[in-house]
Amino acid sequence: MPVIDLRSDTVTQPTEAMRQAMANAPVGDDVYGEDPTVNRLQEMAAALLGKEAALFVPSGTMGNLAAVLAHCGRGDEVILGDQSHTFLFEAGGISALGGVHSRQIPNQPDGSLDLDDIRRAVRPDDAHFPVTRLIALENTHNRCGGVVLTPDYMQSVAELARAHGLKVHLDGARLFNAAVALGVEPAALAAPVDSVTFCLSKGLCAPVGSVLCGSHDFIARAHRVRKQLGGGMRQAGVLAAAGIVALETMIPRLEEDHQRAKRLARGLSALPGLVLATGEPRTNMVFLRLEDGFSLPGAPGDPAPRIAKMLTERGIRVGDVGPRSFRLVTHYWIDDEAVDATIAAFQDILQTAVVRSSD
Ligand code: TLP
């Protein structure tokens, strides 16, 4: 029985076309700038996002880290959301490795940062304070439910940033999901910001890699940081080749993942005991919560990990992201039957193992 893996779109395997492209890629030493396939991917990425230059990096985490370190010096401050991936899930790299201070402000449920909150967080010129250098946004916003920020909103953040002499970085790990959901060109989402990272290895199915885009000067600085971080790869064209196939063929189909996320959300939220934690899905993520008043008698422990384990025994993997919360992410390898099988498995567990406490 093939496993239905909804834990993340990072679990996606490369397609057959990617494997072929990887096997046949012309390569060279990318540390000398001589890998033709890496160079082609970087040129494609920069053109697609309307930026001067691009840099292939091993991961989204390194892309964001290299960006923050290229924008900020030690002791400088970045304003970012308290639910942002960079703050929550990148092992504190910006402070551990870059000495960059983070100033978290609340993410709104729609993934945005309130403009007044940003304004209040910008430090005055005073020797007691770190120097504010950067604002970081995330689009789509993972922890807020895969929600999207509009070009207009991002433009207003960019104007605020410019008025204070700050730069804006966008963690666009799933930028193409946002562009497809909004029906805009990816470049429209990249235009307001100074730098942007996107990932090839999530919904686009490439096995490895992300791309950081920005001005020539910025990318030159990020290139040195990538080397410092040990991210200078050699014949990386074998990886970039899959990224080229990803950019050429996988973007328009993301809409299918979004439709399946909606279908999954409809089916699961119709089951007694499950509610959507972040509303109707906007892209490829479904966040669910087991309602208060529903519990699993029998064994100790929080319900979400226990339910996730029961699902695993049925060949279905989901993320447990809190004591009562789940994340399910649709992607290329999830078809309609997988969606239906997931709804049926949840239904079976809710009927057989979960009780309403008031019953
Ligand atoms: N996110 C992963 C986990 O780390 C949570 C996932 O399964 O969603 N930015 C955003 C918004 C991300 O969601 C991720 C990965 C990254 C950056 C980091 O990318 P990688 O894993 O390539 O370092």
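**Pockets, domains and cores of a predicted model**

The largest share of the lining of the largest pocket, 3 residues, is contributed by helix α3. This is a predicted model, in which local features need pLDDT of at least 70 and side-chain atom pairs count only at pLDDT 80 or more, while totals for chains, interfaces and linings use all residues. Residues are numbered from 1 along each chain as its sequence is written, and side-chain values use heavy atoms, with hydrogens and water left out.

The largest pocket holds about 310 Å³ of space. A pocket here is an open set of points on a 1 Å grid over the protein atoms alone, where a 1.4 Å probe fits, with protein on both sides within 12 Å along at least five of seven lines; lining residues have an atom within 4 Å of a point. Its volume is the space filled by probe spheres set on the points. Of the 19 lining residues, His-85, Phe-89, Asn-142, Arg-174 and Lys-202 are the closest to the centre of the largest pocket. Two elements, α3 (60–71) and α4 (85–89), each give two or more residues to this lining; helices are DSSP runs (H or I, at least four residues) numbered from the N terminus. By class, the lining has 4 nonpolar, 8 polar and 7 charged residues.

The domain assignment divides the protein chain into domain 1 (14–249) and domain 2 (253–358), with bounds from an automatic or database assignment. Their C-alpha centres lie 30 Å apart. The contact between them (heavy atoms within 4.5 Å) takes 19 residues from domain 1 and 14 residues from domain 2.

The second largest pocket, with about 180 Å³ of space, lies between the two domains because both give residues to its lining. Among these lining residues are Gln-83, Arg-143, Phe-287 and Arg-289.

The interior can be described through nonpolar cores, which are sets of buried Ala, Val, Leu, Ile, Met, Phe, Trp, Tyr and Cys residues joined through side-chain atoms within 4.5 Å; buried means under 20% relative accessible area with a 1.4 Å probe, protein chains only. The largest core has 54 residues, of which Phe-56, Leu-137, Phe-198, Leu-200, Leu-204 and Val-211 touch the most other members. Helix α11 (residues 237–249) supplies the largest share of this core, 7 residues. Leaving aside residues up to four places away in sequence, Leu-204 touches several residues, including Met-18, Phe-176, Ala-246 and Leu-254. A second, separate core of 30 residues includes Leu-271, Leu-274, Leu-296 and Ile-343.

Terms used: Buried < 20%, exposed > 50% of the residue type's maximum accessible area, 1.4 Å probe, protein only. Nonpolar A, V, L, I, M, F, W, Y, C, P; charged D, E, K, R; others polar.
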